[in-house]
Amino acid sequence: MYYINDLFHNQILITAATAWLMAQVIKFIIHLILHKKVVWERLIGDGGMPSCHSCTVVATATAVGIHCGLGSPEFSIAAILAIIVMHDATGVRLETGKQAAIINDMMEILKDMGSSMKTSHEKLTEFVGHTPFQVAVGGLLGLIYSFLLNR
């Protein structure tokens, strides 16, 4: 029984989970304002502004630094993980989104040309990665949020 109590009182876990939720809600609102339509997938989906992955990992690393110290092995692990996640968001995942957009366009062109080619794939997801600005804003949001929650 103590495990569940410990889980729900784990300040670092609470910081990470609520930072993710906050960033997702902000992403949903920004998308709503910019596109003037409700897209529920923006509440849980990847890509967009701000980077929820960056917000979550930076909030986690910051909370670990506050609770365990900047010289702790725990902070080292959290910080390196944050760097890897943020690099991946602007590298591999951003390129994956660009490639998905090109493939989707090619499939549309083939369809418009009357191609009889059968395809079983649905439209590929284009919102996958982030621009460096989206990652930076997500990271800054996670840093500020974690400091406010863990002061």
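The model is predicted: local features need pLDDT of at least 70, side-chain atom pairs count only at pLDDT 80 or more, and totals for chains, interfaces and linings use all residues. Residues are numbered from 1 along each chain as its sequence is written, and side-chain values use heavy atoms, with hydrogens and water left out.

**Helix H2**
- H2 spans residues 11-35; helices are DSSP runs of H or I, at least four residues, numbered from the N terminus.
- From first to last C-alpha, the 25 residues of H2 reach 36 Å, close to the 36 Å expected at 1.5 Å a residue (1.5 Å times one less than the number of residues).
- At the N-terminal end, Asn-10 caps H2, with a side-chain oxygen 3.1 Å from the backbone nitrogen of Ile-12.
- Just after H2, Lys-36 has a positive phi of about 55 degrees.
- Buried residues of H2 include Thr-15, Gln-24, Lys-27 and His-31 (buried means under 20% relative accessible area, 1.4 Å probe, protein chains only).
- The buried residues of H2 pack against helix H3 (52-68) and helix H6 (132-150).

**Nonpolar core**
- The largest nonpolar core has six residues: Ala-19, Ala-23, Cys-52, Cys-55, Ala-59 and Tyr-145 (a set of buried Ala, Val, Leu, Ile, Met, Phe, Trp, Tyr and Cys residues joined through side-chain atoms within 4.5 Å).
- H2 and H3 are the elements that give two or more residues to this core, and H3 gives the most, with three.

**Ser-51**
- Ser-51 lies in the loop between H2 and H3, and counts as buried because its relative accessibility is 0%.
- Beyond neighbours within four places in sequence, Ser-51 is in contact with His-130, Gln-134, Val-135 and Gly-138 (heavy atoms within 4.5 Å).

How values were computed:
Buried < 20%, exposed > 50% of the residue type's maximum accessible area, 1.4 Å probe, protein only. Polar contact = N/O pair within 3.5 Å; in protein donor to acceptor, adjacent residues only side chain to side chain.
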